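Please examine the protein presented here.

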Amino acid sequence: METDPASTPNLGEKRRGALNVKAALLLLSVLVVATSGLVYELLIGTLASYVLGDSVTQFSTTIGTYLFAMGIGSYLSKFVDRSVAARFVEIELAAAIAGGFAAPTLFIAYAYSTHFSLVLYGLLILIGTLVGLEIPLLMRILREELRFEELVAQVLTVDYIGALIGSLLFAMVLVPHFGLNRTSMAFGLLNCAVAMMSTWALRHLLTRKQRIHLRIRGLIVAGCLSAGLWNAHHLTAFAEQSIYADPIVFAKQTPFQRIVLTQNPRSVQLFLNGNLQFSSRDEYRYHEALVHPAFSVAESPERVLILGGGDGLALREVLRYPSVRSVVLVELDPEVVAMAKNVSTLRALNRDSLLDPRVELVHDDAMVWLDQEHLKPFDILIIDFPDPNNFSLGKLYTSRFYALVRHTMHAESVLAVQSTSPYFARRSYWCIVNTIEQAGLYTAPYHAVVPSFGDWGFVLAKRHPFDTPQAPKIEGLKFLNETTMPLLFVFEPDAGSIDVEVNRLNTQKLVRYYAHDWAQWN
C-alpha cells in the first residue's frame, strides 16, 4: 500500500518542533538578554535623572535613544553571515562589559568630564546596539530548533516577560537594596554567564578553537566584573566622592532617592539625588525664614503640620514655641528621618527634635495623605519640599495640591512654603506664588539671602488678607529680628513679580520654568 508522504511525520520537523534542552537554554538566554537590556536602560535613565534632574525628560530621551539604538543593532544583524554563534557570544560579552561598567563610568564622567551628555548617549547607543543585535542572532540560531511560528511566538513572549521582570526588579529590589553600581555589575555578570552557557549550548556550531577562545575571554570579563562587584562599595564611594567637594560621611540608596551627607571641619551638607538641601553653616537662615514669619502672624498656634522637612531642622524652629502642643511631620522617605535621628552630627543640629513626644511622624506621599476627609485643621502649615526639578515633585506645587492644603486650614491658619529662588529662578518663584493664589489663598511673598543657595524665596499665605509680620515673637534668633524681618518682604526690581502661568496638575508648567531658569546659571 502506498503511503501519503504528507501524512508521514517528518523526523526533522519533529526535532525542530520539540523544545529540547538546547532550545530551552537559548530561550533562557532571550529572557536574560531582555531583562538585562531593560535594566541597563532604566539604570542609565535613573542615573541621568539623578545628576541632570527632570526625570521625565531624562527617561523619555533615554528610552527613545535606547530603542533607536536597538533598531540599529537589529539592522546590523543582517550583515552577520558567518560564525553566527561565535558572533552572538562575542556580542554578549561586549554587552556584559558595557552594561556592567555603565553606572561607574557615568558617575566618573559626570565628575571629571565636561562632555557628560556625550558619554551618556554614546554609552546608551553602544549598549542598545549590542542588545539589538542579540535577539535577531538568537532567532537565527533557534531556527534550527523550532518551527517559524513557534520561534516568533516563543521568542517574543519570553522577551516581553523578561522586560516585565526587569522593570519590577529594578524598582522594587535592585535600586533600593543594591544601588546603581552593584546592579550594573551584577547584570553584567549575568550577561557573561549567558555567554559562557552559550558556548556549551551552541558547541555544535562552534569549532573547538572558538569555544576555547570565547571561554577564555568570558573568564576575563567575569573576573573584571566580579572584582568590580566585590569592590562595588569602594567603587561607589570613589565615583560619588568625585562629585562632592567634601568627604562623604553617610550615603544610602532608598526606594525614593540617594541620600548623601558630607562633612568638612566647618560644616555638614545634605544632598538628595545630588541636590544640596542644606549646609550647617547657614541653614539657620533658611529655617528661621521658613518658620518664624508664619508664627509672627498666628495667634498662639497649637497644632502644626510640616510637609517634608525630614531632617528635623524646620521642626527644631517650630518647637521653640511653648504654645505648640502637637506637630504632625509628613515625610515620604523614612530613611531621611532615620538618618536625622541616628547620625550624631544631625542630631546635634536638629537638637533631637524628631524625638520630641509632641511630634507625630507620618511616612506617606503628602498629596495622598492630605486627600483625607478626617483631617482636623492646623494652625500653622510649613511646606519644606525639595525644589520642583521633576514631575514627581512638581505635583506638590500645583493648584490641586494647594487646594488640598487650603482644606486643612481654618480661618486664621497660616501657611509658609519653600519656593525656590526669585532671582535665579524668577519665573518659577512667581509661578508658585500665582498657583497658591489660584487655590484661593492670599499671599505675602518674601525672600532671604542664604549663602549656600543665594537669594531664596518663600511664600506666606492665609485665607484672608493680612499684614506682613514686622518682628519675631521670640528672642534669640541668629538671623531674624525686628529690623531684618520687614526687609524679607521687599523685592528688588530684578526679582519682582512677573506674569507667568499657574502650575496645574495636568500641565506642570512649573517644572519647565524651573529647568529653563536654572539652565541659564548652570
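How many bridges join E9 to strand E11? Four bridges join E9 to E11 (residues 454–462), and the two strands run antiparallel; strands are DSSP runs of at least two residues (E), helices of at least four (H or I), numbered from the N terminus, and two strands pair if DSSP finds at least two bridges between them. The model is predicted: local features need pLDDT of at least 70, side-chain atom pairs count only at pLDDT 80 or more, and totals for chains, interfaces and linings use all residues. Residues are numbered from 1 along each chain as its sequence is written, and side-chain values use heavy atoms, leaving out hydrogens and water.

Within this pairing, Val417 has Val459 in E11 as its bridge partner. E9 also pairs with strand E8 (residues 378–384), in the parallel sense and over five bridges; here Ile380 stands opposite Val414 in E9. Seven of the ten residues of E9 (residues 409–418) are buried, so this strand is largely enclosed by the rest of the structure. Buried means under 20% relative accessible area, with a 1.4 Å probe and protein chains only.

Attention now turns to the helices. Helix H7 (residues 148–201) has a kink of about 110 degrees centred on Phe178, the bend at a residue being the angle between axes fitted to the seven residues ending there and the seven starting there.

The largest nonpolar core has 64 residues, of which Leu47, Ile127, Phe170 and Leu180 touch the most other members. Such a core is a set of buried Ala, Val, Leu, Ile, Met, Phe, Trp, Tyr and Cys residues joined through side-chain atoms within 4.5 Å. H2 gives the most to this core, with 16 residues.

Technical notes:
Buried means under 20% relative accessible area, exposed over 50%, partly exposed in between (1.4 Å probe, protein chains only).
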